[in-house]
Amino acid sequence: MYFLRIARLLGLAFISSIGINSSHSMAAVSPEQILKNVDDVRNPSESYQMRVRIGDSLFEVKIEGNSKTLIETLEPARDHGRDMLMIGEEMWAYVPNLKRAVRVSLSQKLTGQAANGDISRMRWAGDYQPKVISETPQTWTLDLTALKKGLTYERIRVEVEKKTFHPQTAEFQTASSKPLKRAVFGRFKLIAGRVRPTELQISSAVNVNERSTIQVEAMEKKAFPAALFNPQRFSR
Amino acid sequence: MRMGVAASLISLTIAQILFWSPGHAQGALRYSGELGVIGALGSDSVVQSRARGYLDPAIDFKVTEDGFGWSARVSARGWSQFAEVQSISQTQTEAEIRDSYIGYDWQNTRVRLGFQSLSWGETFGFFIADLPNPRDLSDPLLLEIAHIKKPQFMLQAQRFFSDGGVQLYFVPLARPSDFSLAPSTESFQKVGPDSEYGFRVHRLMSFGLDGSFFLIHHHEREVIFNPSPVWSSGVTASQSMGSDWVLRTDQVLIDLKKRPLDAWRGVLGLDWNGVENVTLGGQLQRDPLNTGGSLRLTLRRTSGLLDGMEFEAFWFQGLSKSETWVQPKLSYTTKSNLKISLRYDWIEGSIFDPGLLRGLLQEDRGLLWMSYGF
């Protein structure tokens, strides 16, 4: 624990040495840089694998770069084998009783209170145009606007802690800024090489009783062969 | 022999349940399967009312977590059926080997040897592009769709590229399809004349079109006796449109020596997923025997009071010949994978001038399934 604290302090010292400290202002750090740093906190930039629990469901998620995701359903038993492959904006779902992969529409990415998109590609930088819309001594609030179609959300408003670039809360919105969901990032832990949020509590902006929690149980950086994300290989 | 295979299946399953936790992998091994019973209530003497118990065990072996390296699968299916025909009880027991093979996966290449099933088509209902496997049409309405395809003993190789791939297969001795006038297994005994082979190339285009072309040499898959093998080719494609729509098509020319219109079967379909857990699909089907349209609806409930409830409906309407097939199905599955399903097949058409549904006419029935997936 002691060494962990020292490591965190050293990490903060390093971040401070490159000009990021509690005295940041909008002028000192560009919105693009803030967003990139937030992405680096949320997950590794390269290929990685994580085990994610959402309620009774357990998923093994393999992510390659910024566009390829393979989601394998491990639990509950009835959904075992209902896997999903995403390559950019294209999606396939494996249907166990047909024993084949079926092409599905992009909207399937948005299903569930915790959308498939919430556990697939998780980088915001490059996909969204960030803008700092407000600032306190402790936080920035960024407004993210989608730069391409097919993203899980068209607009995101995210609150970021200045000291650490830890995301605190997010509001997922329609293109007209109508709130869809609200999320709270929590349980920051050392995982896959740095301190990251391992819990995301999502609630519906329309019905606050509709809630779900995404828990990252494990995460590791890992390289995958390109063939793992081939639709024909996915057909088994 | 069949009883021996059936006894082996049951022993294997009992051993699995005793020594392994159900539904979980143990190191490199994983077992799965289904144990169930089907009750069928026929509407007349053609379709006997009956009860069938079945067991589908499978064991998968993988050296590495991602499936690269050596892998193997052993699966089988056994069933025992009780029927009462004109006050006489009849019991029938059968067992068969399903997909069972050994394979090796390199980074971009896969080779498999053994009994295998290939799925190539994009559309639903009649699966016209899934030609590499013969069909078990002896009682198709009592089987899940995946079991209508009979695995063939083949050598299969696939080469994957980042946006496509090539697949080749060779079946030394073909298996015949199962229907009343089909050739027997003994009809296929010579490697060469009785072999089947083919290839498929696949490409995912940058604008999202997922397309393939195939050419294969195979024996007859239809309910028409034809002892000579034929060459067939086809294309399959799918394309998502906007965020809610998927366009899909399978177009095949079965027996390239026939006149084009006699050889051409095609399905063009459009699916809509605009509401969560709802799929509505429509298809237009072109076939020398009948041209028609079909609708497919799936409603799936994944939370709340009806969590695990699924309703599926399929309706085919022949246009050039008056034929109708309506199949509603309601299922409830618990999280531990205990499933109860109710299905009814209502089929109308002329037995004197049959079309696409010629193998299903007079087969109306209600079915009740209870199964446990492990």
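This is a predicted model: local features need pLDDT of at least 70, side-chain atom pairs count only at pLDDT 80 or more; totals for chains, interfaces and linings use all residues.
How many bridges join β12(B) to β13(B), and do the strands run parallel or antiparallel?

**Stop 1: chain A as a whole**

Select chain A and colour by pLDDT. The average is 83, and 85% of the residues score at least 70. Now select residues 1–26 of chain A, where pLDDT stays under 50. For this stretch the model has twelve contacts beyond four places in sequence.

Switch to a cartoon view of chain A: its secondary structure consists of three helices and 13 strands. Chain A has 236 residues, of which 36% count as buried. Among contacts in chain A with a separation of 6 or more, 42% are between residues 24 or more positions apart.

**Stop 2: the nonpolar core**

Select I34(A), V52(A), L142(A), I156(A) and V160(A). In the largest nonpolar core, which has 30 residues, these five touch the most other members. Centre on I156(A) and leave aside its neighbours within four places in sequence. The remaining contacts of I156(A) are Y128(A), L144(A), A170(A), F172(A) and Q173(A).

**Stop 3**

Move to chain B and show β12 (230–241) and β13 (245–253). The opening question is settled here: β12(B) and β13(B) are antiparallel and joined by nine bridges. They form a hairpin with three residues between them. In the turn, select G242(B), whose phi is positive, at about 65°.

Next select A237(B), whose bridge partner in β13(B) is T249(B). From T249(B), continue into β14(B), where its bridge partner is L268(B). Strand β14 of chain B covers residues 264–272. β13(B) and β14(B) also run antiparallel, with nine bridges between them.

**Stop 4: where the chains meet**

Show both chains. The contact takes 28 residues from chain A and 38 residues from chain B. On the side of chain B that touches chain A, the elements giving two or more residues are α2 (145–148), β8 (152–161), β10 (196–204), β12 (230–241) and β13 (245–253) of chain B. Of these, β13(B) gives the most, with three residues. Colour this side of chain B by residue class: 22 residues are polar, nine are charged and seven are nonpolar.

**Stop 5: backbone exceptions in chain A**

Most residues other than glycine have a negative phi, and most peptide bonds are trans.

- Select E75(A) and P76(A). P76(A) lies in the loop between β3 (68–75) and β4 (84–87) of chain A.
- Select S177(A), in the loop between β10 (167–173) and β11 (179–191) of chain A. S177(A) has 12 other C-beta atoms within 10 Å, so it is exposed.
- Select A192(A), in the loop between β11 and β12 (194–204) of chain A. Is A192(A) buried or partly exposed? A192(A) counts as partly exposed because it has 16 C-beta neighbours inside 10 Å, whereas a buried residue needs 20 or more.

Key:
Residues are numbered from 1 along each chain as its sequence is written. Chains are lettered from A and ligands numbered from 1 in the order in which they are written. pLDDT is the predictor's confidence in each residue, from 0 to 100. Two residues are in contact if their C-beta atoms, placed from the backbone, lie within 7 Å. Helices (H or I, at least four residues) and strands (E, at least two) are DSSP runs, numbered from the N terminus. Ala, Val, Leu, Ile, Met, Phe, Trp, Tyr, Cys and Pro count as nonpolar, Asp, Glu, Lys and Arg as charged, and the others, Gly among them, as polar. A nonpolar core is a set of buried Ala, Val, Leu, Ile, Met, Phe, Trp, Tyr and Cys residues joined through C-beta atoms within 7 Å. Two strands pair if DSSP finds at least two bridges between them.
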